[in-house]
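Please look over the sequence and the structure shown here. The paragraphs that follow lead through them step by step.

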Number of protein chains: 2
Amino acid sequence: MSSRNEPAVGRKRQAQSRVRPDEAAAERQSAPHAGGRPRDPAIEEAILRATRKRLASDGYSRMTIGDVVADAGVTRPTLYRRWPGKYELTVDALLYGLREQRAAYQPMALDAMTPLEAFTEAVRRVDPRYSNPHAMSLHGNFMAEAEREPDLFTLIRDHATKPRCDELLDTLRHLQSIGAVRQDVDLDAAVTLCLGSYFGDYLLTGQDTPRDLADRTAGLLWPTLRADDSEQSSSDV
Amino acid sequence: MSSRNEPAVGRKRQAQSRVRPDEAAAERQSAPHAGGRPRDPAIEEAILRATRKRLASDGYSRMTIGDVVADAGVTRPTLYRRWPGKYELTVDALLYGLREQRAAYQPMALDAMTPLEAFTEAVRRVDPRYSNPHAMSLHGNFMAEAEREPDLFTLIRDHATKPRCDELLDTLRHLQSIGAVRQDVDLDAAVTLCLGSYFGDYLLTGQDTPRDLADRTAGLLWPTLRADDSEQSSSDV
DNA sequence: TAACGTTACAGATAAGCATCCTAACTAAAG
DNA sequence: CTTTAGTTAGGATGCTTATCTGTAACGTTA
């Protein structure tokens, strides 16, 4: 016994008159709407936003449906009409936020930068807090619940962490292709280090990401990464 | 309203006939014991061990006193006789575990290694899971609760994270002193990267620490760190 | 005399569900 | 072009069940 009031994890009454989580997204887009009062799309949005907010501030296990509906300005039945429980709501709220971030994505202007500038900027974009100031709390939550809710961990990894890292990896591969980065470098490990730097710094300082963290990280790795045909002053670039 | 049943955070009835958290450690060592049946020290230990186990498996917010006493094989009043609440119990349990780890500490034999070997071994020891396989869950929990319980975050940082990093930093300084590592390197950033590598890897793979992670991390940083008077294959320094 | 186990209890909080009522929209009948 | 029936959304409210917390009382033991 250690389950507060949360059922083992969704998977219970699956279907009823309710929307199954798998269909939720599709259903939200194009409802056939056979008749009756239509759902208010603003309510969906308000609930998802409130969920995200509570997720970041309270964490998954402390977040309660009551708080969410209160923040969203709706009532409990309204939420349960759309989602069967906390788990499914959380998944949708995360996907919603990640969709938003992808929509706001600005590609890098690789050609206008020096290789080191491009690398540094790519490192900067790996910062989990680059687009979400509460990212450390969120990651902490899902690290903490990784054993209990592995799907949530996987979701964050595949939809948030991995894509950011892939962009860095692509940048490095591009720099390889133009001869600015060595061919025989462990790029995966480099990406892991760049991502980890934000967590290392957070754990040691507990503060917001320092302005110069990406520069220092890139500066430390660049001597190893860069092709050695060009300039070498002393330590860094 | 978002507090489950947990009072704002300790600080409530502070003293009574109970032991205040500050005095708990001292009192546990040397109880004056005016008369009456003496406390069983084995119970203290059982409770602290059970707390640590629950902390790792359930996380701070899901851990309940009921589970702890059940695991420890004692009863609820027995726990409340010693600690006023969950927060104080958690602090003592963490300090207890960290004391244990320090006691089991084995210093590195720096002289018997090459500089790179020493660096790699020091990196290996920065792994949070080096001595505690549940470390990632623990760190996740306290990252998640960093805003709600900043003291717990600080405690972990000062008693677990920082000491491990300091050992790495000392190793690097030693290597500097013998001329194996450059003088003009951003050692703090290097340490941050080494620590972070374990989190980066965990977030990207979600598995146990790979055997070769320390080697890869050290391998990536070593060209930047090592003094350039000796061999330089191609890209170093 | 105080620790410990056993048992029981009160207060708090949460999850889900059930009603009842009103609002909004569709479709068919007039 | 109304009017009306049918259907669903949403608010308000209360209830049941399930935990967890912290205490209290009582008997036993060191």
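Which residues of chain A does UniProt list for "DNA-binding region"? The unreviewed entry gives residues 64–83 of chain A; UniProt positions follow the numbering used here, feature names are shortened, and annotations may be inferred rather than shown by experiment. This is a predicted model, in which local features need pLDDT of at least 70, side-chain atom pairs count only at pLDDT 80 or more, and totals for chains, interfaces and linings use all residues. Residues are numbered from 1 along each chain as its sequence is written, while chains are lettered from A and ligands numbered from 1 in the order in which they are written.

Over residues 64–83, chain A is 65% helix and 0% strand, with the end C-alpha atoms 14 Å apart. Helices (H or I, at least four residues) and strands (E, at least two) are DSSP runs, numbered from the N terminus. A further feature from the unreviewed UniProt entry, "domain: HTH tetR-type", is placed at residues 41–101 of chain A. That span is 77% helix and 0% strand, and its end C-alpha atoms lie 20 Å apart.

Chain A as a whole has 10 helices and zero strands. Of its 237 residues, 42% count as buried; a residue is buried if 20 or more other C-beta atoms lie within 10 Å of its own, exposed if 12 or fewer, and partly exposed in between, with C-beta atoms placed from the backbone.

The confidence of the prediction is expressed as pLDDT, which runs from 0 to 100 for each residue. Chain A averages a pLDDT of 86, and 83% of the residues score at least 70. Over residues 8–30 of chain A, however, the pLDDT is below 50, and this stretch has 20 contacts in the model beyond near neighbours in sequence. Two residues are in contact if their C-beta atoms, placed from the backbone, lie within 7 Å. The pLDDT also stays under 50 over residues 230–237 of chain A.

How is chain A divided into domains? The domain assignment gives domain 1 (40–99) and domain 2 (107–225), with bounds that come from an automatic or database assignment. The C-alpha centres of these two domains of chain A lie 29 Å apart. Nine residues of domain 1 of chain A are in contact with 10 residues of domain 2 of chain A. On the domain 1 side, α2 (41–58) and α5 (86–103) of chain A each give two or more residues, and α5(A) gives the most, with five residues. The residues of this side divide into seven nonpolar, two polar and no charged; Ala, Val, Leu, Ile, Met, Phe, Trp, Tyr, Cys and Pro count as nonpolar, Asp, Glu, Lys and Arg as charged, and the others, Gly among them, as polar.

Chain A also meets chain B: 49 residues of chain A are in contact with 52 residues of chain B. The elements that give two or more residues to the chain A side are α7 (135–144), α8 (150–177), α9 (187–205) and α10 (213–225) of chain A. The largest share of that side, 13 residues, comes from α9(A). By class, the side of chain A that touches chain B has 18 nonpolar, 18 polar and 13 charged residues.

Asn132(A) is placed in the loop between α6 (115–126) and α7 of chain A. Asn132(A) counts as partly exposed because it has 19 C-beta neighbours inside 10 Å.
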